[in-house]
Amino acid sequence: MVPSAKKILLTAASVSLALSQSADAGERWGEYWGEPKAKMNPYVAGDMHNHNTCTDGSVAAGYSIDRSVGKGTAAAGGKNFDLDWFTLGNHGGSGNRDCRFSDASANIPGDNTTTYWSQTLGKTIDGITITKLKGTPNGTDTNAKMWRWQSIQEIEYPTIVSRTATYNKVLVEGLEWILPGHEHGDVAVIAGQNPRGYGNADKMAEFEYRFDRADTDAIGPVDASNNPLWSGKDNVNNSGTAGHQKAVAGITWLQANHPLQSYAIPTHTERQGPFNPSGTAGYNIEHFRDFNNAGPTVAFGIEAPGHMAEGGINGGSGSYTANAVGGGTYGMHGVYTAKVGGLWDGLLGEGRNVFVFQSSDWHSRGVYGARDASTTADFIPGEYTRLYVPNEKHFTQQSIIDGMRSGNSYSVNAQIIGSDMVFRARGEWDDEWKTMGETLRVWPGEKIVLEMEMTVPVANNSPYSFNNPLLLPVGIKQPLNKPYLDHVDLITGDVTGPIAPGAAGYAVANAAGVAGAAIVYNASAKIAKQIQATKMKSYKLKDGSVRLSFTTSFVASEKPFYIRARGTNIPPATPNVSDSAGNPLLDLNNVNVSCTDAACPSHLGTVNGVKRVTNDVQAWSNVWFYANPIFVRPHGTPKLLVEKNHELARKLAHEHHHRHDWDQWGQWGQWDYWAFNRDFDRD
Amino acid sequence: MSRLLISIAAVLALTNAVSANEEEPTQETCDAAVAEARAEAAALPADDVSRYFAERDIQQALVEAGNGEFDDCVEKAERALLEARERPHSLKSGERLDILGAHEVPPR
C-alpha cells in the first residue's frame with residue numbers, strides 16, 4: 001500500500017542541519033582560504049517565487065517546501081533540492097483549491113485527488129481547521145474561493161511554521177503581488193513572522209488585502225464586533241495609470257511601515273509587453289524609477305523570469321510570448337536585464353540600488369507529474385535556479401532581506417557556478433575590497449584591481465547526460481549534467497546620476513515584441529572585458545569541481561561607473577544562441593537546432609519529425625549566471641543614490657534599534673520620494 | 001522550417017488579438033477559449049501525444065480560472081488550441097513519455 005502523502009510529510013526524515021553545512025561546493029570554502037574550521041558557505045541558496053495549490057500551482061504548500069529544502073529523495077520519489085532558504089511567493093487574489101492537498105495532475109501517491117475548500121470546511125487536516133471562507137463571498141460549490149489574505153494567515157503561514165521545525169531552514173511567507181496597473185512582483189513582509197515558535201503573517205496578509213489587484217474582497221478580517229480590521233482599502237483603482245498610483249501607494253506603505261522588513265521586486269517584467277495606461281500590463285523604466293523613489297529600501301530590484309522549461313517550437317521560455325518586450329527570453333532572462341545597455345543598465349546608470357534576482361516561478365512540470373525528472377514547464381525551487389545571498393552565523397529571515405537589499409547577491413541557473421563566488425574590487429592605493437552592491441571610492445587615474453573567483457561544480461540536477469546540442473555546432477562536447485563555464489563578461493556603464501521625475505528621459509517609450517529589444521537606456525554600457533575560462537587560473541578540488549579565478553584591472557576616470565558580471569556556457573558566435581560579442585540571442589532561435597542524440601527525450605517539440613532544442617533541454621543547454629554590480633565613484637563626486645539608500649537603511653536600523661533578528665515595529669514616517677529631498681553631498 | 005514559421009505567425013496572431021483587446025479577460029472569455037481548445041483537442045485521436053499536451057494545457061487553464069486569473073486562463077487555452085492545431089509533438093515507434101502514474105513509486 002502506498003502511504004498517504006500526509007503521513008509521509010509527518011514522518012519525513014527530520015533534518016537538523018545548520019546552513020553552514022549545506023552540501024554544495026561552498027562547503028569547501030575553508031580549502032582555499034586556509035581556515036580549516038571555516039566551513040560556512042559565503043553565500044546561501046534560495047528561491048523567492050513559487051506556487052502551490054493555494055493559487056495556480058500543482059502541489060500542496062507543504063509538498064512544495066518539502067521538495068525544495070529537503071535532502072535526498074522524497075519518500076514517494078523525486079529528488080529534493082536542499083535549498084538553504086525558501087520564500088513562499090504565491091499569487092494574490094483567491095483560490096478554490098484546498099492547498100493542503102496537491103492537484104490530481106501532480107500524480108503524487110496518496111495525494112492525487114484535487115480537493116476544494118467546499119469539501120473540507122470544518123475538517124482538521126494537517127492540524128489546521130478551516131471553518132469558513134472569510135470576507136466577501138466568492139463563488140459557490142467547488143468554485144468557492146478563499147481570499148488569499150486568509151490562506152496566507154491560516155494555511156501557508158502555519159505550513160511555514162511546521163516545515164521550519166522539520167527542516168531547520170529559513171522559511172518565509174511571501175507573495176507574488178499582482179500589481180494594480182501592472183504585471184506581477186515579489187513581495188515579502190517578515191514583520192511579525194517567526195516560524196520557530198510564534199508570530200504570524202498578518203502584515204503580509206494585510207499588504208495582500210490592501211494592494212493586490214486580484215484581491216477584490218471588500219471586508220477582510222473582522223473583530224469580535226464584526227468591524228473590519230483593515231479599513232480604507234482602495235478597491236477601485238486597479239488598472240492603468242490610476243492602478244500604477246495604487247501600486248506606488250503599496251510600496252509607500254511598505255516603506256513607511258516595514259522599511260527594513262519587506263521588499264517589492266517586479267517580476268517577469270517584460271512578459272505582458274509595455275505598460276498599458278488603460279489596462280494592466282508590464283512596466284516601463286519610469287515605473288521602476290517611481291517604485292525605487294517611493295521605496296528606496298524596499299523597491300530595490302528586478303526579477304528575471306522563471307518558467308525556464310516552457311519553451312516549445314513557437315518559443316515560450318519564461319512564459320514569454322512574441323508579444324513580450326523583446327519578443328521572448330534571451331539566455332533565460334528578459335531583455336531588460338539580458339541586453340547590455342538595456343533597462344537595467346539604464347537604472348544602474350542613475351546609480352540606483354536596483355539589483356537583479358532570479359527564481360523558479362515553480363507551478364508544475366507541464367505534461368509531467370511532480371516527481372518526474374523531466375519538465376515541459378517549470379523547475380522545482382533549487383533544481384535549476386538558485387538565488388544566492390550572503391550567509392551569516394545566525395542566518396534568519398532578516399538576513400535574506402538584508403542580503404537582497406545590499407545587492408551582494410547573484411543568481412545562477414543550472415548550477416553553472418556554486419555558492420562561493422567572489423566578485424570584488426579595490427583601488428591600488430587602498431586595501432579595502434568592495435563587493436556587489438557596494439561603492440568603491442577611488443582617485444581619478446587610480447588603477448582598480450578586480451578579482452573574481454568561482455567554483456564550477458562537478459554535476460548539476462539535469463537528468464540528461466547527452467551532449468549539449470547547442471554546443472555541438474561549435475565543436476564542444478559537453479554533457480548537459482556536467483556544468484561548464486565558457487567565459488565571464490565584465491560589463492561596465494557610466495553613472496550620470498538620478499533623473500528627476502518628469503524630467504527628460506525619466507519616461508521612455510517602450511515597445512512590444514522584438515522592437516523592444518532595440519531600445520537603448522544606457523549607451524555607455526558595454527562588455528568591457530571578456531575573460532575566457534581557459535585563461536583563468538584553475539585547479540581541481542577534492543570532489544572534482546573546478547575552482548576558477550582571475551584578476552584584472554580598470555583605470556578610474558573622473559566619472560562614476562559600475563562593473564557587473566555575467567557568465568555562461570555559450571561561447572560568442574554560437575549559431576542560434578549568441579552573437580559575435582557573446583550576447584544571448586532571442587531564445588526562440590535555439591529551436592533551429594536539432595536534438596539528435598538517441599537520448600533526447602520524447603517530449604521535445606518536433607519540426608518535420610525531428611526533435612528540436614526545446615523545453616528543459618533548452619534550459620539545461622543555454623545557461624547563464626548574473627552578478628550584481630560594484631559601483632565605482634571618484635573622490636570629490638556626489639554620493640550615488642545606491643550609497644544614499646544604503647545609508648538610509650543603516651540610519652533606519654540604528655534609529656529603531658534594528659537587531660538584525662526577529663522583532664516587530666510600529667508605524668513609521670513617510671519616506672516617499674526621500675531620494676529627491678536630500679542634498680547630493682560630497683565626500 | 002515553413003511549418004515553424006507558420007506556427008510563429010499563428011502565435012503572433014493570437015497574441016496580437018489579445019493585446020488589441022483593451023478589455024480584461026473574464027470568466028466568460030476564459031470559458032469560450034477553453035471550449036474552443038477542448039473541441040480542437042477532442043478531434044484528435046485519443047492516443048495522439050499532442051492531444052495529451054493540449055489537455056494538460058486546458059487543465060492548467062481551468063486552474064488559472066479557479067484562481068481568478070482569466071488572462072492566464074486564456075493564454076493557456078490558446079496554447080492548447082495551437083498544440084491541437086499544429087501538433088508539434090510526436091512519438092516515434094516505441095517511444096513514450098516517461099511519466100510516473102499516481103499509483104507508481106520508483107524503486108529507491
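Here are a few worked exercises on this two-chain structure, which is a predicted model.

Residues are numbered from 1 along each chain as its sequence is written, and chains are lettered from A in the order in which they are written. Local features need pLDDT of at least 70 and side-chain atom pairs count only at pLDDT 80 or more, while totals for chains, interfaces and linings use all residues.

**Exercise 1. Work out what chain B is built from.**

Start with the elements, which are DSSP runs numbered from the N terminus: helices are H or I with at least four residues, strands E with at least two.

**Exercise 2. Describe the side of chain B that touches chain A.**

First count contacts, that is, residue pairs with C-beta atoms, placed from the backbone, within 7 Å. On that basis 40 residues of chain B meet 47 residues of chain A. Then sort by element: H1 (2-20), H3 (49-66) and H4 (70-86) of chain B each give two or more residues, and H1(B) has the largest share, with nine. Finally, sort by type: 16 are nonpolar, 13 polar and eleven charged. Here Asp, Glu, Lys and Arg are charged, Ala, Val, Leu, Ile, Met, Phe, Trp, Tyr, Cys and Pro nonpolar, and the others, Gly among them, polar.

**Exercise 3. Check the length of helix H7 (residues 240-257) of chain A, then find what covers it.**

The expected span is 1.5 Å times one less than the number of residues. For the 18 residues of H7(A) that gives 26 Å, and the end C-alpha atoms are 26 Å apart, so the two agree. Now the burial: the buried residues of H7(A) include A:Gly243, A:Ile251 and A:Trp253. Their cover includes strand E8 (184-189), helix H6 (202-211), strand E11 (262-266) and helix H8 (285-294) of chain A.

**Exercise 4. Find the nonpolar cores.**

A core is a set of buried Ala, Val, Leu, Ile, Met, Phe, Trp, Tyr and Cys residues joined through C-beta atoms within 7 Å. The largest has 166 residues, and A:Ile251, A:Tyr263, A:Ala264 and A:Val632 have the most contacts inside it. A second, separate core of 22 residues includes B:Cys30, B:Ala54, B:Cys73 and B:Leu82.

How values were computed. Contact = placed C-beta atoms within 7 Å. Buried ≥ 20, exposed ≤ 12 C-beta atoms within 10 Å, placed from the backbone.
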